[in-house]
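Me: I would like to learn how to read a structure feature by feature. Can we go through one together?

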Amino acid sequence: MMSEKTNAARILDRLKIKYELVEYTVDPDNLAADHVAEELGEHIEQVYKTLVLRGDKTGIIVCVVAGNREVDLKKAAKASGNKKVEMIAMKELLPLTGYIRGGCTAIGMKKHYPTYISEEAQHFPFIYVSAGKRGLQLKLSPLDLAKAAQASFAEVATIE
């Protein structure tokens with residue numbers, strides 16, 4: 001049974017962007033991307049997580065990186081025009097974005113923040129990102145994600 005459409009999915013519909021909604025079983029004790037990848041039967045390199053950071057100059061920024069990588073704070077600062085950036089406190093996530101941990105997506109946040117998708121995402125025909133709630137992923141092309149999230153591609157992730 002397909003769950004109801006999320007705000008992110010409705011935004012994609014409005015922009016006439018092709019995507020698939022893919023459900024998976026949530027493990028509340030393991031919200032990590034590798035669990036999601038395992039549930040989806042996909043490569044971790046194609047399952048992306050959305051992380052929210054605060055820059056010393058620009059304020060809030062969003063980075064979307066592969067599940068097997070972390071945000072490189074120096075690179076993210078450089079890409080976003082900050083001297084330094086740091087992860088926001090978990091309790092700030094919902095008030096700032098409207099999303100909870102494990103269900104945060106760059107599409108349709110409460111307000112638009114500068115968003116950077118890790119540049120290697122462009123090498124894949126499709127990637128998975130949260131659809132805006134736990135247990136639901138969006139499968140879409142990285143270019144379409146960039147369009148929907150008004151994001152740019154940048155070097156923001158650690159290199160394995």
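Me: Which side chain meets Lys-139 in a salt bridge?

Reply: A word on the source first: this is a predicted model. Now the general idea. Side chains of opposite charge can pair when their charged atoms come close. Here Lys-139 meets the side chain of Glu-20, at 3.9 Å from N to O. The two sit in distant parts of the chain: Lys-139 belongs to strand β7 and Glu-20 to strand β1, 119 residues apart.

Me: How many salt bridges does a search of the whole structure find?

Reply: The search finds 6. Among them is the pair Glu-92 and Arg-54, whose closest N and O atoms are 2.6 Å apart. Glu-92 is in helix α4 and Arg-54 is in strand β2, so this pair ties together parts 38 residues apart in sequence. Glu-92 is partly exposed at 23%. Arg-54 is partly exposed too, at 32%.

Me: Which residue forms a salt bridge with Lys-75?

Reply: Glu-155 does, with 3.6 Å from N to O. Glu-155 lies in the segment after β8 (151–154) and Lys-75 in helix α3, so the pair ties together parts 80 residues apart in sequence. Glu-155 is partly exposed at 46%, and Lys-75 is partly exposed at 22%.

Me: How many bridges pair β1 with β7?

Reply: There are 4, in the antiparallel sense.

Me: What joins β2 to β3?

Reply: A hairpin, through 3 residues. The two strands run antiparallel and share 8 bridges. Gly-55 has Gly-59 in β3 as its bridge partner.

Me: Which way does β3 pair with β5, parallel or antiparallel?

Reply: Parallel, over 3 bridges, with β5 spanning residues 115–118. Val-64 is bridged to Ile-117 in β5.

Me: Why is β3 described as largely enclosed?

Reply: Count its buried residues. In β3, 7 of the 8 are buried, so the rest of the structure largely encloses this strand.

Me: How many residues does the largest nonpolar core have?

Reply: General idea first. In soluble globular proteins, nonpolar side chains tend to be buried together. The largest core here has 35 residues, and those with the most contacts inside it include Leu-12, Val-64, Val-129 and Leu-138. Several elements each supply at least two residues of this core, including α1 (7–14), β2 (48–55), β3 (59–66), β6 and β7. There is also a second, separate core of 13 residues, with Leu-51 and Val-65 among them.

Me: Which residues is Val-129 in contact with?

Reply: Set aside neighbours within four places in sequence. Then the contacts of Val-129 include Tyr-48, Val-64, Leu-138 and Leu-145.

Me: Is Arg-69 buried or exposed?

Reply: Buried, because its relative accessible area is 13%. Arg-69 is in the loop between β3 and α3. Its side chain makes a polar contact with the side chain of Glu-120 at 3.5 Å. The Arg-69 side chain also reaches the backbone oxygen of Thr-158, at 3.3 Å.

Key:
Residues numbered from 1 in each chain as written. Predicted model: local features only at pLDDT ≥ 70, side-chain atom pairs only at ≥ 80, totals over all residues. Heavy atoms only, no water. Pairing = 2+ DSSP bridges. Core = buried A, V, L, I, M, F, W, Y, C linked by side-chain atoms within 4.5 Å. Buried < 20%, exposed > 50% of the residue type's maximum accessible area, 1.4 Å probe, protein only. Contact = heavy atoms within 4.5 Å. Polar contact = N/O pair within 3.5 Å; in protein donor to acceptor, adjacent residues only side chain to side chain. Salt bridge = Lys/Arg side-chain N within 4 Å of Asp/Glu carboxyl O.
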